[in-house]
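Biologist: I have this model open and would like to go through some side-chain details with you. Could we start once it is on the screen?

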Amino acid sequence: MANMLSFSSDGQSKNPTHLNDQNKPLIDHTEGQLFLNEAFKIIVEEVLCKGTDVKQKVCEWKEPEELAQLLDLELRETGEPQCRLLERVRDVAKYSVKTCHPRFFNQQFGGVDYHSLTGRFLTEALNTNLFTYEAAPVFVLMENEVLRELRLLVGWTEGDGLFCPGGSTSNMYAMNLARYRLFPEVKSQGLWSLPRLAIFTSPESHYSVKKGAAFMGIGTDNVILVEVDDGGRMIPEDLDEKIKLAKSQGAVPFFVSCTSGTTVQGAFDPLHRIADVCEKHKLWMHVDAAWGGSVLFSKQHRHLMKGVDRANSVAWNPHKMLMAGLQCSVLLLKDTTNLLKECHSANATYLFQQDKFYDVNMDIGDKSVQCSRKVDCLKLWLMWKAIGSNGFEERVDKAFIHVRYLVEQMKKREWFHLLRDPEFVNVSFWFIPPSLRGKEGNADYWEKLAKVAPVIKERMMKQGTMMVGYQPLGNKVNFFRVVVFSPLVTQKDTDFFLDEIERLGNDL
């Protein structure tokens with residue numbers, strides 16, 4: 001905005017002599033706030049009104065070359081007039097995917113909560129860094145309180161935690177803490193001081209486990225995959241055997257990453273039985289509940305995470321099912337020994353002076369590997385204040401109701417084939433087009449079925465009617481995975497979803 005305000009309304013540079021006037025700011029607040037008000041009107045109209053209207057498209061598909069031309073992405077020496085910039089704002093909104101649309105079923109985020117959105121606007125306007133109490137007094141206290149309440153839902157009356165930039169980072173934090181607890185010398189001496197370490201997870205866990213192993217120098221070859229049952233849940237007996245085998249081969253097992261709500265099937269690993277194995281072998285038990293953690297708000301569905309209180313750490317993304325808005329991710333710890341700070345602190349004296357006039361324990365920045373850390377707690381706190389824990393419970397329960405209805409309707413339609421009845425709000429299925437019906441015994445049946453989902457996905461994207469994801473899994477060829485959790489979704493939307501899949505695929 002500073003650049004924009006350094007130019008006149010026709011975009012031409014003003015007389016540079018004003019640079020020598022130290023009493024005159026470069027930014028004109030009146031002009032800037034007028035622009036902000038006009039831009040906000042566009043955001044409300046294009047994103048929050050049109051973007052949530054089922055009569056409007058979910059996306060306005062353009063090929064990359066055409067889109068680049070429409071947006072005029074080139075950055076130039078001189079600025080543009082405000083009227084042109086407002087057109088830019090409208091274009092960005094117009095050609096972006098409307099993730100708040102009721103028929104956006106593509107990812108594990110979506111919808112819109114207006115209280116959370118207000119918190120996100122306020123966070124951006126305040127533009128502070130959550131590292132010291134002097135820089136962010138409100139948010140240091142707020143983050144601590146939100147983390148405390150989330151830990152209580154897990155079952156811990158004490159502990160620690162941190163808001164992280166995404167669930168992948170939360171998982172990597174947990175991995176690093178587990179390694180540090182076992183080998184604290186790694187912080188100063190590095191990897192040369194360590195034996196070969198071993199991590200255990202399921203093949204349906206999030207890919208960030210392998211990325212974390214690579215990032216931390218443990219190596220992806222040392223991520224050992226534990227077998228899962230037909231529903232995608234880790235088998236504790238195989239975990240026990242894999243740990244014994246790794247030990248016999250000279251590795252040092254240290255970390256088990258189980259999942260509550262796997263990305264594709266929405267499976268919940270049996271936490272109590274996994275905890276028994278972890279306690280037997282004295283391993284750190286981490287629960288990646290980035291997707292499924294929100295069931296803890298529901299009396300009806302929290303049993304899916306029975307045993308989570310026995311874990312050492314939990315990753316949870318309220319920006320998913322709770323709709324706190326990207327990004328809102330937490331790492332929760334049972335630890336009460338200040339392990340998070342011991343592992344990551346660098347004691348920068350220009351930030352974390354020990355002779356400050358207030359309690360320096362309020363300076364939480366040294367717990368993080370980041371220096372600059374965005375405020376992610378306000379959006380969740382304000383939404384929680386608005387609807388309460390009961391409101392979150394209603395949202396979780398309603399999502400399960402929508403999924404139950406969707407599955408019932410699929411079973412009434414002959415050419416929708418479920419992979420299995422869902423455990424969570426992920427519904428995985430194949431659509432069998434006319435050309436493949438009754439030909440399940442043909443040698444090329446599965447090869448041809450694998451091509452159906454990509455074609456239907458391309459058509460829905462180009463027509464902009466809705467969005468849903470697809471993927472293969474193990475030996476299963478491409479299938480659709482629809483996730484239903486947005487409070488904006490109605491029965492009409494789920495009916496439309498089924499009708500639209502049929503419409504888009506009935507000539508295949």
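Biologist: Which residues does Asn222 touch, not counting residues up to four places away in sequence?

Modeller: Asn222 touches Arg196, Leu197, Ala198 and Ile199, where contact means heavy atoms within 4.5 Å. Before we go on, please keep in mind that this is a predicted model, in which local features need pLDDT of at least 70 and side-chain atom pairs count only at pLDDT 80 or more, whereas totals for chains, interfaces and linings use all residues. Residues are numbered from 1 along each chain as its sequence is written, and side-chain values use heavy atoms, with hydrogens and water left out.

Biologist: And where is Asn222 placed, and is Asn222 buried or exposed?

Modeller: Asn222 is in the loop between α9 (208–215) and β4 (223–225); helices (H or I, at least four residues) and strands (E, at least two) are DSSP runs, numbered from the N terminus. Asn222 counts as buried because its relative accessibility is 12%, given that buried means under 20% relative accessible area, exposed over 50% and partly exposed in between, with a 1.4 Å probe and protein chains only.

Biologist: Switching to charges, how many salt bridges does the count come to?

Modeller: The count comes to 40 salt bridges, a salt bridge being a side-chain nitrogen of Lys or Arg within 4 Å of a carboxyl oxygen of Asp or Glu. One of them joins Arg84 and Glu87, with the closest N and O atoms 2.9 Å apart.

Biologist: Why are Arg84 and Glu87 separated by about one helical turn?

Modeller: Because Arg84 and Glu87 are three residues apart in helix α4 (residues 82–95), about one helical turn separates them. Arg84 is partly exposed at 25% relative accessible area, and Glu87 also counts as partly exposed, at 42% relative accessibility.

Biologist: What about Arg103, which residue does its side chain meet in a salt bridge?

Modeller: The partner of Arg103 is Asp493, at 2.9 Å from N to O. This pair links distant parts of the chain, since Arg103 is in the loop between α4 and β1 (104–105) while Asp493 is in helix α16 (residues 491–505), 390 residues apart. Arg103 is buried, with a relative accessible area of 10%, and Asp493 is buried as well, with 2%. The charged end of Arg103 also sits over the ring of Phe496, 3.9 Å from its centre, the rule being that NZ of Lys or CZ of Arg is within 6 Å of the ring centre and within 35 degrees of the ring normal.

Biologist: Which residues are linked in a network of salt bridges?

Modeller: Asp72, Glu74, Arg76, Glu80 and Arg88 are linked in such a network.

Biologist: On to the rings, how many aromatic pairs does the structure hold?

Modeller: There are 21 aromatic pairs, where rings of Phe, Tyr and Trp (its six-membered ring) pair if their centres lie within 6.5 Å, and planes under 30 degrees apart count as stacked, over 60 as edge-to-face and the rest as tilted. Phe254 and Phe255 form a tilted pair, 5.8 Å centre to centre with 35 degrees between the planes, and both of these residues are buried. Trp430 and Phe479 form an edge-to-face pair, 6.2 Å centre to centre with 80 degrees between the planes. That pair links distant parts of the chain, with Trp430 in strand β10 (residues 426–431) and Phe479 in strand β12 (residues 476–483), 49 residues apart.

Biologist: Are Trp430 and Phe479 buried or exposed, and which residues do ring pairs link into a cluster?

Modeller: Both Trp430 and Phe479 are buried, and the cluster consists of Phe105, Phe416, Phe429, Phe431, Phe480 and Phe497.
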